[in-house]
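Trainee: Can we go through this model together? I would like to start with the overall picture and then look at single residues.

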Amino acid sequence: MSGDRIVALDDEALELRGAGTEVIDLGGAVTTPGLVDGHMHPLFGAATFYGADLTGCRDLGDLRRSLAKAAPDTDGWVVGWGLDHNVFAGAPPTNAVLEEVLPGRPVFVRLYDGHSALASAEALRVAGVSGPRAFEQRSEVICDVTGAPTGMLLEHAAMALVQDVMPALPDSLLRDRLGASLDAMAATGLTGGCVMDAEAGALELFAGYEESAELPLRLRVAPWCMPGDDVESVLAVQGRRGRRWVVEAVKFFIDGTVEGGTAWLEHPDCHGAGTEAFWRDPAAYTKTVQHLADARVQTVTHAIGDAAVRHVIEALEHVETSGIRHRIEHLETLPRELVPRLVRSGLVSSMQPVHAGFTKADHSDEWSTRLGVERARRAWACRDIRDAGGYLVLGSDWPIATYDARTVLAQARLRRPPGTTDEPVAPAQALTGLMALEGMTSHAAYADGSRDAGRIAVGCRADLTAFNVDPVEAPADELAEAPVRLTVSAGLVTHRGD
């Protein structure tokens, strides 16, 4: 390597050794193109997923015990994250347990999906929320039959009512948390990531970090465009960059989540919800993404429900691309008849097999129950897309699920959490080892339009991941635990294993 490029391979590389050459002996490790997380939220994770870790709660008893041990911050707020909807055993989530364990406290608990939260009565009082609100996007303050808030806040605008009055983490702490999470990601083999959460202040955080250090990963940033946003201001930041980050796309939401009842479905879920788009006027979404496509800007759209996926395909299948690969994210329940049309459209699919860890093969979980068995059987149709010739990018959606790239690769093959004896979810959708690796290397490069990445070749960017095992041939459970010997991101060594 020289700078950020691969300049020679094999014997030719050995001939270039000089007195100042650093030689790293990997002792027979298997080296692959550097892994890229196709969908991640490093700022969102650093700024909001802190406080009490509720990911281990399996029922209300667990939640009560965890809340009782939660320490308030210096302003008296109690914050938690990662709460699974299944804790409520099918009942509507409310703040009743918060009031029982922490009466009178301002409490804000984010559910694992990142699209919903529970706020205590005191937190709602501080935020001035005493009843329903109207939003330009599809968000809701859930209220009971008397019009009083239950504490459940659905989607970004509703959650922001409380988040905006919560004590903010100082920038120095945000930078520390960002760096620590990116360092940990590099230790699992990640060399880059597609950042899907750049709201106001995010770019300044990246720039501020680079004043004193190098980002451990290369970051390709997609700022959000919400209903009612000024599209020209989103266009204006395209191309802004630092040493190891660049803005090169725009992120949209056309729906929310299945568990929250905000996924856009062709037929209602079991609670009669899910029949509306995140954009109250879906035609306005179509007009906006087509405007950006005409401006040769990549669009990236969160679409989970079947109606949402269909709408994105219809919006973008006939636009002029000229090398711009528009993307559709998540596709959690995909009708099989849409797969050929999806592939013909030229859209790149981006999926997170680790999300299947929140579901069960017997469809008894909240995600499956809300959808019903037929739609739950369509879960994360990775193999159908690949077999139809489509491009499939894999990612973690961290902090919604683990950032560990080895787990992402393993779960794409297993369709269950590695190291468990759980029954696989829709096992026919399992990927081969090669397909999984391509999803974090060559297919990720294709999606970004990068001709100099996703492969190991002279002239390509020096993004490399070295494993103790062969990530294609090793058993998936073994891969999930295998040490990463070396991670190199654009010529920068970001992790050295034992």
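**Overall picture**

Mentor: Of the 498 residues of the protein, 58% count as buried, where buried means under 20% relative accessible area, exposed over 50%, and partly exposed in between (1.4 Å probe, protein chains only). The model is predicted, so local features need pLDDT of at least 70, side-chain atom pairs count only at pLDDT 80 or more, and totals for chains, interfaces and linings use all residues. Residues are numbered from 1 along each chain as its sequence is written, and side-chain values use heavy atoms, with hydrogens and water left out.

Trainee: How many helices and strands does the protein have?

Mentor: The secondary structure comes to 19 helices and 19 strands. These are DSSP runs numbered from the N terminus, with helices being H or I of at least four residues and strands being E of at least two.

Trainee: On to salt bridges. How many are there in the whole structure?

Mentor: A search finds 26. A salt bridge here is a side-chain nitrogen of Lys or Arg within 4 Å of a carboxyl oxygen of Asp or Glu.

Trainee: Which residue does Asp452 pair with?

Mentor: Asp452 pairs with Arg5, and their closest N and O atoms are 2.8 Å apart. Asp452 is in the loop between helix 18 and strand 17, while Arg5 is in the segment before helix 1, so the bridge ties together parts that are 447 residues apart in sequence. Asp452 is partly exposed at 24% relative accessibility, and Arg5 is partly exposed at 25%.

Trainee: And Glu214?

Mentor: Glu214 forms a salt bridge with Arg243, with 3.0 Å between the closest N and O atoms. Glu214 lies in the loop between helix 8 (202-209) and strand 10 (218-223), and Arg243 in the loop between helix 9 (231-236) and strand 11 (245-247), so the pair ties together parts 29 residues apart in sequence. Glu214 is partly exposed, with a relative accessible area of 37%.

Trainee: What about Arg327 and Glu329: buried or exposed?

Mentor: Arg327 is buried at 1% relative accessible area, and Glu329 is buried at 0%. Their side chains meet in a salt bridge (2.9 Å, N to O). Elsewhere, salt bridges that share partners join Asp4, Arg5 and Asp452 into one network.

Trainee: Different topic. Where is Tyr50?

Mentor: Tyr50 is in the loop between helix 2 (42-48) and strand 3 (52-53). Tyr50 counts as buried, at 16% relative accessibility.

Trainee: Last one. Which residues form the nonpolar patch on the surface?

Mentor: Leu9, Ile456 and Val458 form it, with about 210 Å² of accessible area together. Patch residues have over 30% relative accessible area and no salt bridge; like charges are joined within 9 Å, and nonpolar side chains (Val, Leu, Ile, Met, Phe, Trp, Tyr) within 5 Å. Areas come from the Shrake-Rupley method with a 1.4 Å probe, and for residues only the protein chains shown count as cover. Val458 is in the loop between helix 18 (442-448) and strand 17 (464-467), and Val458 counts as exposed at 52% relative accessibility.
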